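Please study the sequence and the structure shown below before reading on.

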Amino acid sequence: MPAIRILPDFVANQIAAGEVIERPAAVVKELVENSLDAGASRIEIEFRSGGKNLIRVEDNGYGMSPDDALLSLERHGTSKIREAGDLLKIGTYGFRGEALPSIASVSRFTLRTRTENQPHGTEIFINGGKMVHSKECGMPGGTHIEVAHLFHTVPARRKFLKTDNTEAAHIVHLSRLFAVANPQTSFNLLENGRALFRSPVCQSLRERVGEIFGRQIAGQLIEIDAEADGFKLTGLIGKPGVGRATRHELVTYVNRRPVDSRLLNFALIEAYHTYIPKGRYPLAFVFLEMDPGTVDVNVHPAKREVRFREEGKLRHFLIRAVLDRLREASPPPPEGNSSRRPIPALEIPKPRFAPAPIEGNSRVLTRVSRVPEKPFAEKSLVAPTPAKPDEGREDSTEKATTTGEGRLSWRYLGMAHGASAVFETETGIVLLHWRGARARILYEEILAQSENKSQASQKLLFPIPMELDALAATALEEHLDFFRNNGFDIEKFGRNYYRIEALPEWLDPGQGEGFARDLLSLLRERGLNPNRPTPAREEIARLAAGRIAKTSRPPDKEEIIRLANRLMACQNPLNDPRGRPTFFEISRGDLEKKFGK
Ligand code: ADP
Ligand code: MG
């Protein structure tokens, strides 16, 4: 029978490291938290190769005495709590006393530190959990930590790391979260010696957000400050109408810790429901404060998950608080207009390609052949043979009779809920989602253009200036060719400043900047592969079509009939570019059944 023995500390530390240190960004998190706990007013973070080869964090905080420096590397060595009861009132980020020994057990770890009243600093070097040396060193007040060759003692873990770019993105994201939460501390972030951002001490959250996420974003935010039911919410949220394509700028904190909580995200998204178009994410940099006893932010040491005791109450509080603020900030509805939607819909940008042929404006729509797949009643449909340009001007009824096959007429009855156009057909009732239909038409037209290599560009009379944050700027520079091949001409004219000089022809200049930003976010988020041109092109077309359709004014009667006709001329009229149905039919038979006939 194998005998039981107590694991040597460095083995225990390596095991703990497996939990606490999931990836390089987790090291950065632990070190930056320690620096903040040590009262630093200046923190510099540098990394190389996504943090795999080097992570360096330097602060000007309290520092440690030689004895404390050694103790800090012992398992459960912490200055932050003394007894279990302290756990409920933690005012610091750290408390487990696990981070430093864990990190040191899986890397080449150098700690240099000095308190104000020590004549010299202490340097400790640990390799894979084994102390190599501890000696005096020259050092300003504060703590400098270097973590080199992370996981070199556990090659199996190293293999699980993602590409340098992905790991770097995690580090950058995390650094931004801490920088935003601590405007009074100056933050510098460097990758391979190059500054990704440098933010001096800031007077306000808005100033800090401007430094880190760009001044344009900071200008789109309003303050929020609400308190009820033991919860307090402060920070900045997007003005009504301002949304983003991704969640990069939806940032939440609980008791000043950055968290990634479905509950918080969903509550915010829900509060913005009528204030930004569907499918877009709100902008928010918000801090939630609550009794630390009612929240567990340490469900997992390495993750930003969080568990709340009173979920329902919290959700209600958040939605209420944000909605109240958004209402306050919305322009009053025009007189005599009781519209529920506080934001006037954006103007529909006119697509710039030649409109598809319109089959007269007769109220009867006719089709000539069948769609390949039928979503509904077999005989009832409908003919997506793409109309040739000059045929389109013919009278449609006539065309239908000459072809003489599968003729079908739709009569427009009206619009339901502003969303669905209702038609009577020979075989039933059709409900058509006009935004979906519009998106499908635009999608195919944009795609056709880019496939024909006719990536026609429009030179702008007034170039559009665009300020990006450092990360987005890096992404843009990596993908400049991709943008050029797709009809954009973007020139750099300063650090993080760019000018859009030309746009693809189908894109309305008013939407140029927003579109370029969304496209960048997508490139960053999904890692669109610009070398596989087809999916990338489809993604652009999908993004463009969705954007334009979402901001379209509802069509009038004439337009809706044209829209339905153009939809049927599409290659796939059945679905919008995201695969959702564009229309469906309720058959006469079904209607009669419903009435018990
Ligand atoms: P914890 O933060 O949970 O206490 P750590 O392993 O992260 O555990 O750190 C152990 C101890 O080392 C801390 O409690 C603190 O006293 C000291 N320490 C770590 N980093 C710093 C720093 N940057 N400046 C001053 N003291 C530090
Ligand atoms: Mg710590």
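## A buried strand and its partners

In which sense do strands β3 and β4 pair, and over how many bridges? Strand β3 and strand β4 (residues 121–127) pair in the antiparallel sense over 6 bridges. Helices (H or I, at least four residues) and strands (E, at least two) are DSSP runs, numbered from the N terminus, and two strands pair if DSSP finds at least two bridges between them. R108 stands opposite N127 in β4, and the two strands form a hairpin with 6 residues between them.

Strand β3 also has bridges to strand β6 (residues 142–148): 7 of them join the two strands, which run antiparallel. Here T110 has E146 of β6 as its bridge partner. Of the 7 residues of β3 (residues 108–114), 5 are buried, so this strand is largely enclosed by the rest of the structure. Buried means under 20% relative accessible area, exposed over 50%, and partly exposed in between (1.4 Å probe, protein chains only).

## The basis of the description

The model is predicted, so that local features need pLDDT of at least 70 and side-chain atom pairs count only at pLDDT 80 or more, while totals for chains, interfaces and linings use all residues. Residues are numbered from 1 along each chain as its sequence is written, chains are lettered from A and ligands numbered from 1 in the order in which they are written, and side-chain values use heavy atoms, with hydrogens and water left out.

## The chain as a whole

The secondary structure of the protein chain comes to 18 helices and 25 strands. The chain has 597 residues, of which 52% count as buried. Among the contacts in the chain with a separation of 6 or more, 69% are between residues 24 or more positions apart. Contact means heavy atoms within 4.5 Å.

## Two packed helices

Two packed helices are described by the angle between their axes and the distance between the axes. The axes of helix α2 (residues 24–37) and helix α6 (residues 164–181) come within 8 Å and cross at roughly 20°. That makes α2 roughly parallel to α6. Axes are lines fitted to C-alpha atoms, for helices over the stretch in contact, and angles run from 0 to 180 degrees between N-to-C directions. Angles under 35 degrees count as roughly parallel, over 145 as roughly antiparallel, 65 to 115 as roughly perpendicular and the rest as oblique.

Helix α2 contributes P24, A25, V28, K29, V32, E33 and L36 to the contact, and α6 contributes E167, H170, I171, L174, S175 and F178. These residues divide into 8 nonpolar, 2 polar and 3 charged. In this grouping, Ala, Val, Leu, Ile, Met, Phe, Trp, Tyr, Cys and Pro count as nonpolar, Asp, Glu, Lys and Arg as charged, and the others, Gly among them, as polar.

## A sheet of five strands

An open sheet of 5 strands has mixed pairing and the order β9-β10-β15-β12-β13. At its edges are β9 (221–228) and β13 (257–259), each of which pairs on one side only. Neighbouring strands of this sheet are turned by 20° against each other on average, direction ignored.

Within the sheet, strand β10 (residues 231–238) and strand β15 (residues 284–289) run antiparallel and are joined by 6 bridges. G235 has V286 in β15 as its bridge partner. Helix α10 (residues 311–329) lies across β9, β10 and β15, running at about 45° to β10.

## A sheet of three strands

Another open sheet has 3 strands in the order β22-β24-β23, with antiparallel pairing. Strands β22 (457–467) and β23 (489–494) stand at the edges with a single partner strand each, so one side of each is left without a neighbour in the sheet. Strand β22 is joined by 7 bridges to strand β24 (residues 497–504), where Y497 is the bridge partner of E467. Helix α13 (residues 470–478) lies across β22, β23 and β24, at about 45° to β24.

P463 has its place in strand β22 and counts as partly exposed at 32% relative accessibility. P463 and E501 are 38 residues apart in sequence, yet 4.7 Å apart in space, C-alpha to C-alpha. Not counting residues up to four places away in sequence, P463 touches R499, I500 and E501.
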